[in-house]
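Please look over the sequence and the model that follow, and then read on for a guided walk through one part of them.

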Amino acid sequence: MEKLSSLIACALILAIARNPIFTNAGDPDILKDFLVPPGLNESTITRQYFTFTNFRYFETKANLTGRTTAFIAKATKKEFPALEGQSVSMAKIIYPPSGINPPHTHPRSAELLIVLEGILEVGFVDTENRLFLQTLQANDLFIFPKGLVHFQVNTQPDCKAVALGVFGSASAGTVSIPASVFGSGIDREILAKAFHTDNQTISELVQANK
């Protein structure tokens with residue numbers, strides 16, 4: 001019996017090796033052309049439901065005076081319900097002169113960055129701690145692999161930069177590294193040990209990320 005069990009186990013391992021199981025970590029497929037929020041009747045949906053205009057005046061309303069971090073307007077399924085089930089979303093990003101989009105990750109999607117205006121230095125760090133840096137100009141594209149820490153910096157001190165971030169998920173999610181580390185309530189002594197610094201320095205960082 002023991003020998004038979006071993007043979008069955010070997011057969012299962014071989015079967016799995018010859019027929020690997022592929023999993024889809026993206027948004028789930030839908031069985032309809034599109035989804036509508038609860039309470040809405042699909043038959044009453046018009047073209048307006050599939051239209052998003054919030055980017056139209058975003059750039060003119062962004063006050064860059066004294067700003068050091070980027071302004072970001074999102075079009076995810078939260079802001080644009082028609083994206084539910086469509087596995088796509090977008091963000092428009094405005095960088096003040098010398099401004100930065102701090103290190104962050106998107107746990108549910110890669111990001112394709114498209115520079116519309118200005119010059120950006122961008123980069124990401126892979127799981128082997130290698131840093132990939134690139135300087136981009138208008139009409140250039142750069143891909144940030146899914147889940148990896150990345151950032152963008154406007155290298156020009158006297159003019160703004162503008163870009164679009166395109167995601168392969170209706171809700172890519174964003175985890176800000178500074179905010180999640182210093183603004184999440186992790187014990188300050190733990191952070192001081194982790195970053196080889198003192199509690200006073202950590203306290204200043206925590207205060208800055210409130």
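In this predicted model, Glu111 has a relative accessible area of 2%, and because buried means under 20%, Glu111 counts as buried. This residue belongs to strand 4, which covers residues 111–117. Setting aside residues up to four places away in sequence, Glu111 touches Ile93, His104, His106, Phe142, Ile143, Phe144, His150, Gln152, Gly165, Val166 and Phe167.

Among these neighbours, His106 is joined to Glu111 by a polar contact between the two side chains, at 3.1 Å. A further polar contact, of 3.0 Å, links the side chain of Glu111 with that of His150.

Apart from its neighbours within four places in sequence, His150 is in contact with Pro102, Pro103, His104, Thr105, His106, Glu111, Gly123, Phe124 and Phe144.

Which residues does UniProt list under the feature "binding site"? The record, an unreviewed entry, places this feature at His104, His106, Glu111 and His150. These residues are spread over 47 residues of sequence, yet they cluster in space, with 11.5 Å as the largest C-alpha distance. Of these residues, His104, His106 and Glu111 are included in the lining of the largest pocket.

Technical notes. Residues numbered from 1 in each chain as written. Predicted model: local features only at pLDDT ≥ 70, side-chain atom pairs only at ≥ 80, totals over all residues. Heavy atoms only, no water. UniProt positions renumbered as here; feature names shortened; annotations may be inferred. 1 Å grid on protein atoms, 1.4 Å probe; cavity = no way out; pocket = protein on both sides within 12 Å on 5 of 7 lines; lining within 4 Å. Helix = DSSP H or I, 4+ residues; strand = E, 2+ residues; numbered from the N terminus. Buried < 20%, exposed > 50% of the residue type's maximum accessible area, 1.4 Å probe, protein only. Contact = heavy atoms within 4.5 Å. Polar contact = N/O pair within 3.5 Å; in protein donor to acceptor, adjacent residues only side chain to side chain.
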